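Please bring up the sequence and the structure on your screens. I will go through a few side-chain pairs, then a sheet, then the core.

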Amino acid sequence: SAPIVKNENQTSAAVAIVTANNDGGNIIDSSARPNIDPKNPPLQKPSYYIDSFHEHFFPHPQNDAIDTSNTYKKPLSIPQRYATSMARRPWTHLIIAFVIAFILSFVGLRFGDFKVAINNSGWWSRGTEIGNRATQEMMIRLNRYDLFFDETGEVWEELQSEMQPDWQGPRNDRVGANKNNETEGKGLDDATLTSVCSGEWYGSGDMMLESNENLFTIWKTEDAEAEDPEMSILDADAMYDLCIAEENTLSALEDGDHCYKCPDTGSCVPPYSLVLMARLHLTGNDISKLDSLSELISCDTLKSTWTARVQGDFTMALKICVNWSIRMASDDTKNKDGMITMQNTSITVTNPCPFPIRFRATVVDNLFPTTLPNIVRYSSSYYATKMSEEDTNGMYEANENDNVYDRSDGTPLSGVYDTTDETFQNMYSDAIVGRDMALAVGSAGVTIIAMVMHTQSPFLTLMGLFQILLSFPLAYFVYYFIA
């Protein structure tokens, strides 16, 4: 047998009887258990939170022998006072918090230049080594004249230490951007129209100027990325496909009234491309026939007359122009003269390029002059298009949604479209943001359903949803006005 065990805090004693079993072990009789009065449980040490609560509000609550009327209460801190006030007046705090949140959100969205769009200024790869190097190159190129005449080093010091204004902003807002449209809302510039119809626009700086936002196409052959490419855009089939694609795109531009139309023909002028140069080559480089080249030499005629001999002569003419363009031509001259200075002696060299328009090496790729045989894997076509926002949006819709601009079928060519300011790429990225917002709204719906099922309270669910929605404008307010 075992001794009886008693607990003074219990109303009755618990007796544990231990007997020895046959194996010599001890067995506890589970029928004899402690009897605890639920109305008078044994005293336990209070938790930290209970002890802190009594310390601030009810000192010595469990000792009736102590007079607590004059007992010192520990003062509350500011967060504790706010929590106490919130517990006493929850609706007041809720309404005040929502009013402040709505006011700050309205200020952030209304006066913080808030847009649901991607910041397309500058490089997308900010902070990377290639982005930093490209930024440095751009800054040096934009300030090359000031740096050349900088004798004290002030210009270089300023570029290294101070943020330069406007250089990363939208190009149409920069200082010196082309804003000489005479017909407001149409993007039609009379000076540019004269330049386009006379042929001076071809190959000029206005053709490639970013702020003019001319439509252009990049073409590549089917095996352009192969290790040993064999196809060339100079082949007859590729030239024919390029010609057809340009005519279809010109037709779409005419239907949308997005291009410059010469008064004599009433149609869009042909783009600056290999097809234009090939037509000039076949007509003896006669600039007077520029307006009627597409009628004189149709795409079918170009294909039928594009023999191996003609292709070889045209390839040689391109090589001469490429070498001249790289080694001799200045930034925006008419490529008519070149000046060589040796030991204070200047020699004028006549431009050997046979084409009557300015030559731009963008019609061929960088490996064209060095590969044997000379093949063109990549090329470009520039269209004389208007520069208004309405025209740019119309061209984007025609290219992205309506798919009316001819990209060829990939055999032997395929092409992609954009403007000289890369507007299509920026508009496409902004459209993706809108799609992502739709996905975010859908996820919010799933969140609402889960919260209702979990809390079983529409009110708590609604408050949680408001907190999520208000977090975005509040964060933007802090980012824009404070951070």
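Glu129 is exposed, at 52% relative accessible area; exposed means over 50%, buried means under 20%, and partly exposed lies in between, with a 1.4 Å probe and protein chains only. This is a predicted model, in which local features need pLDDT of at least 70 and side-chain atom pairs count only at pLDDT 80 or more, while totals for chains, interfaces and linings use all residues. Residues are numbered from 1 along each chain as its sequence is written, and side-chain values use heavy atoms, with hydrogens and water left out.

Back to Glu129. Which residue forms a salt bridge with Glu129? The partner is Arg133, and the closest N and O atoms are 2.5 Å apart. By salt bridge I mean a side-chain nitrogen of Lys or Arg within 4 Å of a carboxyl oxygen of Asp or Glu. Arg133 is exposed as well, at 55% relative accessibility. Glu129 and Arg133 are four residues apart in helix 4 (residues 129–142), so about one helical turn separates them. Helices here are DSSP runs of H or I with at least four residues, strands are runs of E with at least two, and both are numbered from the N terminus.

In general, side chains of opposite charge can pair when their charged atoms come close. Over the whole structure, the search finds seven salt bridges.

Another one joins Lys386 and Asp257, at 3.3 Å from N to O. This pair links distant parts of the chain, 129 residues apart: Lys386 sits in the loop between strand 6 and helix 14 (389–401), and Asp257 in the loop between helix 9 and helix 10 (274–282). Are these two buried or exposed? Lys386 is buried, with a relative accessible area of 6%, whereas Asp257 is partly exposed at 33%.

The next pair is Asp365 with Arg377, at 3.5 Å from N to O. Asp365 is buried at 9% relative accessibility, and Arg377 is buried at 13%.

How many bridges join strand 3 to strand 7? There are seven, and strand 3 covers residues 215–221. Trp219 has Gly415 in strand 7 as its bridge partner, and Thr221 stands opposite Leu413 in strand 7. Five of the seven residues of strand 7 are buried.

Last, the core. A nonpolar core is a set of buried Ala, Val, Leu, Ile, Met, Phe, Trp, Tyr and Cys residues joined through side-chain atoms within 4.5 Å. The largest one has 63 residues, and those with the most contacts inside it include Leu253, Phe314 and Leu318. Helix 9 gives the most to this core, with eight residues. Leu318 touches several residues, among them Leu234, Met277 and Phe368, not counting residues up to four places away in sequence; contact means heavy atoms within 4.5 Å.

Note on methods: Two strands pair if DSSP finds at least two bridges between them.
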